[in-house]
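Dear colleague,

Please find below the structure that I am handing over to you. My notes on it follow directly after.

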Amino acid sequence: MSDCHPHCPEQWVAYRGSCYFFSKEKKDWFSSQKFCRAQGAHLLVISDTSEMNLFNNIQTGCFWIGLRNRTGSGWIWEDDSMFSVTKVLSNSAVQHCVVLMKDHLQASSCEFSAPWICEKSLR
């Protein structure tokens, strides 16, 4: 019997046409990215302030998201869109990847181990 309602995989959360996965384990940024891609997803791309507010409200701690500083081109999302939501706090020039904190985005070394959020379209 075919299912006529699109749904997210088990343990994924549906919101506004996307599915989100919050990891329990911790990996570095590139391993997190690889995990999401293996699920047919990508690290979280926050496209507008309402999505930003949603994540600020539901998450605690820090999570890798799909935003990093590619040399010379500034902060770029996983889907190659330019970053425009808010500012990234950075303490150092070697911090090229971004974690989502409770109320801001924080640059971090990409080797840091953190949980992550994957995102994919609902279909």
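**Notes on the sheet and its aromatic residues**

Cys 19 stands opposite Lys 120, a residue of strand β9. Strands here are DSSP runs of E with at least two residues, helices are runs of H or I with at least four, and both are numbered from the N terminus. This is a predicted model, in which local features need pLDDT of at least 70 and side-chain atom pairs count only at pLDDT 80 or more, while totals for chains, interfaces and linings use all residues. Residues are numbered from 1 along each chain as its sequence is written, and side-chain values use heavy atoms, with hydrogens and water left out.

The sheet is open and has four strands in the order β1-β2-β9-β3, with antiparallel pairing; two strands pair if DSSP finds at least two bridges between them. Its edge strands, β1 (13-15) and β3 (42-43), each pair on one side only. Strands β2 and β9 run antiparallel and are joined by five bridges. Two bridges link β3 with β9 (residues 117-121), also in the antiparallel sense, and Leu 43 has Cys 118 as its bridge partner in β9. Of the five residues of β9, four are buried, where buried means under 20% relative accessible area, exposed over 50% and partly exposed in between (1.4 Å probe, protein chains only).

The structure holds six aromatic pairs. Rings of Phe, Tyr and Trp (its six-membered ring) pair if their centres lie within 6.5 Å; planes under 30 degrees apart count as stacked, over 60 as edge-to-face and the rest as tilted. Trp 12 and Phe 21 form a tilted pair, 5.4 Å centre to centre with 40° between the planes. Phe 21 and Phe 35 form a stacked pair, 5.3 Å centre to centre with 25° between the planes. Because Phe 21 lies in strand β2 and Phe 35 in helix α1 (residues 29-38), this pair ties together parts that are 14 residues apart in sequence. Phe 21 is buried, at 12% relative accessible area, whereas Phe 35 is partly exposed at 21%. Trp 12, Phe 21, Phe 35 and Trp 116 form one aromatic cluster.

Which residue has its charged end over the ring of Trp 12? It is Lys 120, at 4.9 Å from the ring centre; such a charge counts if NZ of Lys or CZ of Arg is within 6 Å of the ring centre and within 35 degrees of the ring normal.

With kind regards
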